[in-house]
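Good morning, and thank you for making time for this presentation. Please have the sequence and the structure open as I speak.

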Amino acid sequence: MLNESNRKRRGRLILPVGIAFALLLFVVTASAQEESTEGADEAASEDASASVEGEAEASWPQAEAEADVEGEAGLSTEDVPLEDEALPEEGAADDESPDKDVEEIVVTGSRIGRNNLDEYAHIEVVSSEDITLSGTATMDELLTKMPSVTLQGLNKNNNNGGQGLAFIDLRNLGTGRTLILINNRRFVPSGPGGSVDINAIPTSMIERVEVLLDGASAIYGSDAIGGVINFILKDDFDGFQVDVNGGISTYGDAGETQVSATMGGNHDHGNLTLNFTYYHREPLLQRDREWAEVPIAFEAYVTDDEGNPTDEVMQIIGSSNPPWGRAWAADGSSYAFKPDDGKSYVPWDNNYDAGHRYNYGEESFMIGGMDRFSITGLGTYELAEFAKAYMEGSYTHRESLTQMAPIPVGFGSNAWPNPLRVPLTNPYIPQDFYDDLSDANKAAGYIDMFKRFREIGNRQWESAANTFRLLLGVKGNILSDDYTWDVYGSYGKNRSLSTMHNAASLTRIQQTLDPDVCAQFANLGCQPFDGFGDNTLSQGVVDYVKTSEKDLTEWVLGQIGAAITAKPFDLPGGPFAAVVGGEARWEEGFYRPDFLVSGGDSGSNLGDPTEGGYNAQEVFAEVSLPLVKDIPGIHSLTLDLAGRFSAYDTFGSAFTYRAGMAYAPIADVKVRGVFSTAFRAPSINDLYGGSVEDFPSVQDPCQNHGAEGVDPVIKENCESQGVPGDFVPTGAGQIRTLRGANPELDAETARVFDVGLVFTPTFLPKSWQASLTVDYYNIVLEEAITQLDVQLMVDTCYKSQGLEHPFCDFVLARTSTHDISMLKATKFNIGLIETSGFDTTINLGIPVWKLRVLLGWNANYLLSFKEINTEEEEPEDDDPDVEQQLRDDKAEREEYAGEIGFNGGTYAHWRWNIQAGLSGTSWRWINKLRYIGEADRTDLNPETYPTPGVPSVMYWDTSASYLWKGLTIVVGCQNVLDKDPPFLPEGGQNANTQTYDFVGRYIYGRLGYRF
């Protein structure tokens, strides 16, 4: 997958890693042997009983004590009972007494140790068993299939700029508004936006994943607006376990392999658990899927002479920047350098069938390749009867490779929209082409040109990243377990070097075009440009212009914290509990692009350096008030209150609070609710990020402005700039846009409201584990950090009399070809997002003879998602005119629910999973149906666009597992019916691959053994 130098470098790692592995194995084994005589009987007893995780123990279907959370559509055994005791399933190896106390643990969304059964928040859980049965080796693949997890983040399909990272998003609010925790504490980010690469966490070390689906800033601070994803790691493993899992599509590609070894030992004073994991992923080429082989950039109905749409469909396929080159004469006539009828060129034909456009999908990856190695360790050591030290450490090394078609110069680079200008004195211009030029074109003395440099090779981004984290802490009690304390500190660093191979220097390309200029640099190797045609560029020119680009990023997170928890007295409903504490956190980092990129000499997109940091100090408190229990009309009533004060050295301070309630009028029914305020501090990228270049598709208001019915103000403005009435933009309407930061940004603020009903019918047998939950959520995000909408910006500018609107300052002048030269989009606190919906789960586990029938439904209904760039308050930023105009011009909310974004995720109303399975004492068979509802396009008129949206889609997954003593065997298949993603022409892969399965039928297996 990686180039030869990196293969050698990886090979040099094998010996030291092997030695370290052997030494650690020896230490753990020796530690385990020291206690083997006195602990043998206890260990044998533990092995005979069913494990909470169900991992390599007596029975998959063993019921678990932590049962108040909703699991993934019934797959987890953690998800249903709401009584105060564990409910062992029929056939379980251990007959636990129903009166046995349930262990109190710290659940996500609270810092107070409590029984999950008393929890008032909406939490979904992915257990270690879920991970095992899914066959997945990366957490993004599993989490993004949950209806509550939306799909606006990065996943393995992000070949263009993804660099192997995986970011997760809740509630469509963006990855920066979803907080990622490891054992209830923050993890080092992998980018300037503060997002965490969740695939830096090895799946084999995950005990469970808790997904909290409400705002939790009062508990955890910034970023917890959409919710919290908390990865709980295994910290008391005793034994040695090896797991090998992998999969491959039925097309014979997209293979994945993972090998992991977990070892742990208990001793008189604690435990040490270690894990080594290696993961490998093969790349998948876009051309290997028929539906994605030829990218469709645009599709529309052909119109008749009167402008009415007909039944005929026009498709613009591929790129207008081909390897053979495209030229414009001074009069605007366009040509392709493709031989035909004895000529070296032909008049340009935009129809793909003519063979002039280029299929860039042939060389692009759909999935990037990856190799990842990680070491994870957790340990505890009892210092005294009242104090215990603990440690969490991890190191991950990742190498990833992505690939795209050869670099385009002219259109699609930061030279756009200024094409390559070739003097007619260039000796390699084909003679017949020169001869056929008109006298006027010859008099101009030049031609303009696009050229994709296939001779240089495909663009490849090779990324090598190291992520390190160490957390040390001490916790204990004061006199009794009713008074506990915890002090910790952590440090994490992520450092990544990304190298783009087969890049090109724009300066040197320009030098080669003019033979007189090139002669001045002959001593450096300059040779005149001779790329008029496919694969015609000489090696001398290639060697002169070819280069590579290296981008370096580094992000550091440090934090210290302390908390005291007390249960000083009892209330009528149970013990009063409170926790108070404080935390200090600092984050800093930089992004240093290659000097070619920052200096504007790169054929890739322009990017400026980013560097900065911030620190925060916070204090918090939380109390639990079990007010009443077991009186007529009140089976139980508990209130929870939390508050946090945060002080940042960037924007100032924020106070957030949270109030939760759990009320059960009878044992069968519980009403739960949470109201909270939340915030997100502006990230380093928001505050200090340099300008970043991209090329969004923008409808130019001056396109065909001479036609009837065009706004006369727009027509007048276009004419004042010399734009002809029949103007059609070059390059399918993509406009170079610089997006920048703003150091004056304030924090985003949110109000989050959740209310739900939990029904656990006591009239059904307890062994059925029946439950129904329905939760309504409503989130209002204000002062959202957002950039000016470029389409709105351009439209508003050209609708203003005399181009005097403040937005016109961000719409720069036009080029000689009348295209808009560049747009500028700066970040402001001007956004407002409102979203609401329902989460529903139904779970049943019905014992039938010696078996259990498992049924579940886990659904999300998106009721509304509205986004506007307006606010009611008066502007306070340095540029109030821009903000006020934006508020005035964009006063109506834009509803996205039921729609699908262009090149983004889906806002489909319905997403649900139905699950049906059958389990015995040592085996389980699960079938899952995954449904994504239909969605309309957000930006196109269905009367003129042949594909105004996508239909609903349902996928079928199946898996089976078998447990025999210490051996675990899992086999499964995802997308059994091999469904292609729904067609959606978007200029990339003809489908929204962030949302839908795109690999096809995928078979996998896992073999694990514990001893």
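I shall go from the chain as a whole to its cores, its aromatic pairs and then several local sites.

Please bear in mind throughout that this is a predicted model. The protein chain contains 15 helices and 48 strands. It has 1011 residues, and 58% of them count as buried. If we take the contacts in the chain with a separation of 6 or more, 72% of them join residues 24 or more positions apart.

Let me turn to the cores. The largest nonpolar core comprises 34 residues, and those with the most contacts inside it are Phe 337, Phe 433, Ile 447, Phe 453 and Phe 532. Which elements give two or more residues to this core? They are strand E22 (420-423), strand E23 (446-452), strand E25 (480-504), helix H8 (506-513) and helix H10 (539-545). The largest share, four residues, is supplied by H10. A separate core of 28 residues lies apart from this one, and its members include Val 126, Leu 142, Ala 200 and Ile 206.

Leaving aside residues up to four places away in sequence, Ile 447 touches Ala 327, Trp 328, Phe 337, Leu 420, Arg 421, Val 422, Leu 424, Ile 429, Phe 433, Leu 437 and Phe 532. Phe 337, Phe 433 and Phe 532, which are among these partners, also belong to a cluster held together by ring pairs, whose members are Tyr 335, Phe 337, Tyr 345, Phe 433, Phe 453, Phe 529 and Phe 532.

That brings me to the aromatic pairs. The count comes to 26. In one of them, the ring centres of Tyr 335 and Tyr 345 are 5.6 Å apart and the planes stand at 80 degrees; an angle over 60 degrees counts as edge-to-face, so this pair is placed in that class. Tyr 335 lies in strand E16 (residues 334-336), while Tyr 345 is in the loop between E16 and strand E17 (346-347), so the pair ties together parts that are 10 residues apart in sequence. Both Tyr 335 and Tyr 345 are buried.

Another pair consists of Trp 857 and Trp 910, which is tilted, with 6.2 Å from centre to centre and 35 degrees between the planes. Since Trp 857 lies in strand E39 (residues 851-868) and Trp 910 in strand E42 (residues 910-919), this pair ties together parts that are 53 residues apart in sequence. Are these two residues buried, partly exposed or exposed? Trp 857, at 23% relative accessibility, counts as partly exposed, and Trp 910 counts as partly exposed at 35%.

Rings also take part in contacts with charged groups. The charged end of Lys 475 sits over the ring of Tyr 390, at 5.2 Å from its centre. For Arg 1010, the charged end sits over the ring of Phe 237, and the distance to the ring centre is 4.3 Å.

I now move to a sheet. Three strands form an open sheet in the order E41-E44-E45, with mixed pairing. Strand E41 (899-900) and E45 stand at the edges, and because each has a single partner strand, one side of each is left without a neighbour in the sheet. E41 pairs with E44 in the parallel sense over two bridges, and Glu 899 stands opposite Asp 936 in E44.

Thr 947 is found in the loop between strand E44 (935-937) and strand E45 (949-950). Why does Thr 947 count as buried? Its relative accessible area is 11%, and buried means under 20%. Its side chain makes a polar contact of 2.7 Å with the side chain of Glu 299. Besides Glu 299, Thr 947 touches Arg 937, Phe 983 and Pro 985, with residues up to four places away in sequence not counted.

The buried residues of H14 are Val 790, Leu 792, Met 793, Val 794, Thr 796, Cys 797 and Tyr 798. Ile 684 is found in helix H12 (residues 684-688), and at 0% relative accessibility Ile 684 counts as buried. The C-alpha atoms of Ile 684 and Thr 610 are separated by 8.0 Å, although the two residues are 74 residues apart along the chain.

Thank you for your attention.

Note on methods
Residues are numbered from 1 along each chain as its sequence is written. This is a predicted model: local features need pLDDT of at least 70, side-chain atom pairs count only at pLDDT 80 or more; totals for chains, interfaces and linings use all residues. Side-chain values use heavy atoms; hydrogens and water are left out. A nonpolar core is a set of buried Ala, Val, Leu, Ile, Met, Phe, Trp, Tyr and Cys residues joined through side-chain atoms within 4.5 Å. Buried means under 20% relative accessible area, exposed over 50%, partly exposed in between (1.4 Å probe, protein chains only). Contact means heavy atoms within 4.5 Å. A polar contact is a pair of N or O atoms within 3.5 Å; within protein, one must be able to donate a hydrogen and the other to accept it, and residues adjacent in sequence count only if both atoms are side-chain atoms. Rings of Phe, Tyr and Trp (its six-membered ring) pair if their centres lie within 6.5 Å; planes under 30 degrees apart count as stacked, over 60 as edge-to-face and the rest as tilted. A charge sits over a ring if NZ of Lys or CZ of Arg is within 6 Å of the ring centre and within 35 degrees of the ring normal. Two strands pair if DSSP finds at least two bridges between them.
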